[in-house]
Structures are given as structure tokens and as C-alpha cells.
Amino acid sequence: MPLPLHLKINGASHEIDLDDPRVTLLDLLRERLYLTGTKKGCDRGQCGACTVLVDGRRINSCLALAVSMDGAEVTTIEGVADGDALHPVQQAFIEHDGFQCGFCTPGQIMSAIGLISEARAEGDAERVRELMSGNLCRCGAYAGITAAVLEAEQRITQAEKEKAA
Amino acid sequence: MKRFDYVRPANIADAIEAGSAPGAAYLGAGTNLIDLMKGDVVRPDRIVDITRLPQLDAIEALPDGDFRVGALVRNADLAYHPDFAAKFPLVAEALLSGASAQLRNAATIGGNLLQRTRCRYFYDPASACNKRESGAGCDAIEGENRTHAILGWSKECTATHPSDLCVALAALDAVVEVEGASGRRDVPLVDLHRLPGDTPDRETDLAPGDLIVAIRLPAQSAGFARHARYLKIRERTSYAFAMVSAGAALEIENGAIRRARIALGAVAAKPWRAVAAEAALEGATPDTAAFERAADIALSDARASGDNAFKIDLARRVIVRALLRAAAGTPNRMPALPGSAFAPTAGELDHV
């Protein structure tokens, strides 16, 4: 029996009839909607490569059953840039060389966007490292990643202050 | 992953009915369950998705001063709830020392209580495991067992309970609200999980269909808010399960301990409350000598279950250090590394 599912993904509505309840949100995105920016690393919630935002919060999409996400708003790496203008976190990763092979990068960036909206790091590198610990980088680009997150956090916070003023 | 039927009940009564059937499993966030299902460790026939059940996601202060936390509250939402964290900082620090930010955003409080052991033999269907399959034997006893239990274990099972939250809840006399076919009942958190004995496959006192709907923290336990710390020794700085952890909470009056609470994590199949050690601290001066005496009492029944005799000494030292930190006072701001051995306190080790 098909399982009807409604999702808003990167602003677009999707009505999906799922034929199998075992499909994770990660596999739905990659294998059925061809949004392959979200990566499958460990598929067991240990590496963070599959991080997406669900209703604005970062989660591991590999451990979420798609059918249980019915009604959710999902944001993936494909949905964060504004046309050709990169998201400030994307820009900061380039400026600070926050990657080597790039496989973990979509998850790192989605996690960083979530971290910044959670507003718990407060410009502290140790807090950034702790709050990014769910994203592994096997190339070891952590120094650049930390610098990129700190700069993006500062830039986004500043922009929000100016907007509010 | 085995195929399963998926149902999404609209109310608690329907959920309990659906969840009482043989082979049924409740789905919260699924951060542990889906992982276990992918590994064929757990093979439910029916998934009962409880995430849409109404009124299970509130954090409320009750008129008598108790705090009630719905089973579907997410770990991060409880840890960062300002009123709750101010009254029960031990719970907040334990929660934030666990998992990753992504997992804390998803994982529920009820699910945290019922998460399964991380014993590698339990996770590997090719290994013998009495917990996974009653009577199959235990490959951990003769295997890689340096992380295993030092208290309350049996020849049949030496697995540990991995939760950080439960350690804090055990220390603070939390109560679990359970609803089942015969109505609602309260279970003290310390009585929820069972020791293995010869039935390690029976992990809790819950019956089929029983649903955890909330936990309650008693108002009295907020009296420890000024002296409460969680300390978690793990093999990497962050995002790792405990090798040994301890929750310590003190009420200090005129330089003497009025009440003490101590619980250990990752040492037994359940969060381990050290009641005799607590009693030994009552009336004592909060100093290293008193804390070492209490730690000795807490570990007096400990025995190695394999290559893990070091965990007994480690647990003693973790208790002493957690108590020293608790005596020094709950920090005004959550440390950058919650529950960490690395902490920016004078005289302590720095990280990086």
C-alpha cells in the first residue's frame, strides 16, 4: 500500500507516494528526487555527511524515515545559495579552504548553518569545534572549517543586526 | 532492513493498542532504532510512529514545583530550556555531553531512556549475544571487553547502558510516567532498567505496549542546582559514548554537606545510583578525603568482567573529580565542552 507523503524541499512542494516505509530521508533525496548534494557517508549517524535542515533544525537524514517526516520543510545544500550568490557559509568555506576532497562539505555546511541559527557558539572556537563534532572530515580540514564557521557566524550575526537596526 | 508495516496512530490509546502486538516497536526520532534495524540487530514487523501523538512534547513546571517533561521533547530542547536548565543543570550538562548537535536535535527524551547498549557483540548479528537472542551465549565475556560492566553484571551479559541523561535522572530521583493497557503508572527511573541476571534480553520493567509518556523531576532535586556536575570520560573529546561517567550533586550548608547524590554511567546495565556513598557524605566537609571515602564505598562491590579492571579505579577517580567540581559550584555558563575532562578551570587540563 503506497504511503502518501508531502514534503517541502528547498521551497518546492513534493507529493510523494512511497512504496516502501524503509526509505530514509537521505535515500529519498538522493535516489528518488536526485538531490545528490546530500552525501551518504556511514549511513549510521556517525559521520554527519547527510546533514540537512528539517523545519530549520540540522539532523542526520540517514536516521530519519522519510514517511515519518510527512509535512516537514527540508533544506538541503542545493537550496542554500541565492541564485549565483553563495550562502555566507559556502563563501566562508571557500575563503578559509575548509575542505580538501569535499565529500563531507555539504554536511559540514548544512551543520554550520544549523549551528549559526542555534546561536550557541558565540564566536568561541572551542564551542564551534564541540558543536560541529557530529561532522567528521577524514581529510582533516578542521582548522579551515572552524575558521570558516567562525567567520560566517560573525558575518550573519552582523547582517542580522544591521537588518534589525 | 526487514520490511515492516508502518502505522501512525493519532492518540495514545490507539498507539498502545498497535504497540502491544508481537513484533511491534515504537518509533520516536529513530536515531537508535533505525540504526539497529539497518544492522538487522532489531527486526520489528510493525513500526508504530508516535511522533504525532498530541501533548507529549511539553516542558512544564507543575504547581508543586516538580518539572514534567514530555517523552517527545527533543534532547536539545530540554538541555537549552532556560528554566529547566537553571533548576537541573546536571541534566543539561549530561544531555549536552552526549551524541552530536544533529542527534540532540532529533532524539527524544523517552527514546533516550530506552536506547540499547552499544556492546559491539550486541550490534553484530554474527556474534553470540544473550541480549539479542536468549540463550545464544555471550561473545563479549572472552572478547574485546575493556568497555564493559564492572557492577551488577552476570555471566550471561556484561553490557552497559549508554545513556548520559539517565545518569543525571537517576541521581536526581526522576520518575518515569508509563502508560499501558492497564492505565498510567509511575516508575522511579532507578527501577526502570533491570540488571541482566540470567535474562539479559529483558532490559526494562516495561510490558509489551507500555509507552513512556513523560519524566518528572521532583522540586526537591532543584535544591542541588548550585552544586551539580556531570563528568564523562571518553576516548575522544566529543561525540563518543562514556567509558565511565558520573553525576554528582551536593547541597552544602555552613561548610558541610547536607545532602549528596552520586550516580555512575557506563558501568552497569542500568544507570548506577550510589546510595551508600551518598549517605557517607552527609554531614561531611566537602573535601578530597571525604570524596575518596565515598568513591571507595561506591565501588566496593565492583569486579572486572574482562580486561576492564582499570574502569574500577577510573570510576573512583571520576566520582572524586565530579564531586570536587560539584563542590566548587555549578558554572554560571555551560562549559564549552560539557562534561569533559578538558575544561578551562585553573589547574585542570586544557584541550587544544
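Analyst: Helices here are DSSP runs of H or I, at least four residues, and strands are E runs of at least two, numbered from the N terminus. This is a predicted model: local features need pLDDT of at least 70, side-chain atom pairs count only at pLDDT 80 or more, and totals for chains, interfaces and linings use all residues. Residues are numbered from 1 along each chain as written, chains are lettered from A and ligands numbered from 1 in written order, and side-chain values use heavy atoms, without hydrogens and water.

User: What angle do α3(A) and α5(A) pack at?

Analyst: About 40°, with the axes 10 Å apart. Axes are lines fitted to C-alpha atoms, for helices over the stretch in contact, and angles run from 0 to 180 degrees between N-to-C directions. The pair is therefore oblique (under 35 degrees is roughly parallel, over 145 roughly antiparallel, 65 to 115 roughly perpendicular, the rest oblique).

User: Which residues meet there?

Analyst: Q108(A), A112(A), L115(A) and I116(A) in α3(A) meet I145(A), V149(A), A152(A), E153(A) and I156(A) in α5(A). Contact means heavy atoms within 4.5 Å. The α3(A)–α5(A) contact has 7 nonpolar residues, 1 polar and 1 charged (Ala, Val, Leu, Ile, Met, Phe, Trp, Tyr, Cys and Pro are nonpolar; Asp, Glu, Lys and Arg charged; the others, Gly among them, polar).

User: What do the buried residues of α5(A) pack against?

Analyst: α2 (88-95), α3 (105-118) and α4 (125-131) of chain A. The buried set includes G144(A), T146(A) and A148(A). Buried is under 20% relative accessible area, exposed over 50%, partly exposed in between (1.4 Å probe, protein chains only).

User: Switching to chain B. How do α12(B) and α13(B) cross?

Analyst: At roughly 140°, with axes that come within 9 Å. That makes α12(B) oblique to α13(B). The crossing of α12(B) and α13(B) is right-handed.

User: And what covers the buried residues of α13(B)?

Analyst: Among the covering elements of chain B are β9 (228-233), β10 (244-253), β11 (256-265), α11 (275-281) and α12. The buried residues of α13(B) include K311(B), R325(B) and L323(B).

User: How far does α13(B) reach?

Analyst: Its 19 residues reach 27 Å from first C-alpha to last, close to the 27 Å expected at 1.5 Å a residue. The expected span is 1.5 Å times one less than the number of residues.

User: What follows α13(B)?

Analyst: G329(B), with a positive phi near 115°.

Methods: A crossing is left-handed if the near helix is turned anticlockwise from the far one by less than a right angle, and right-handed if clockwise.
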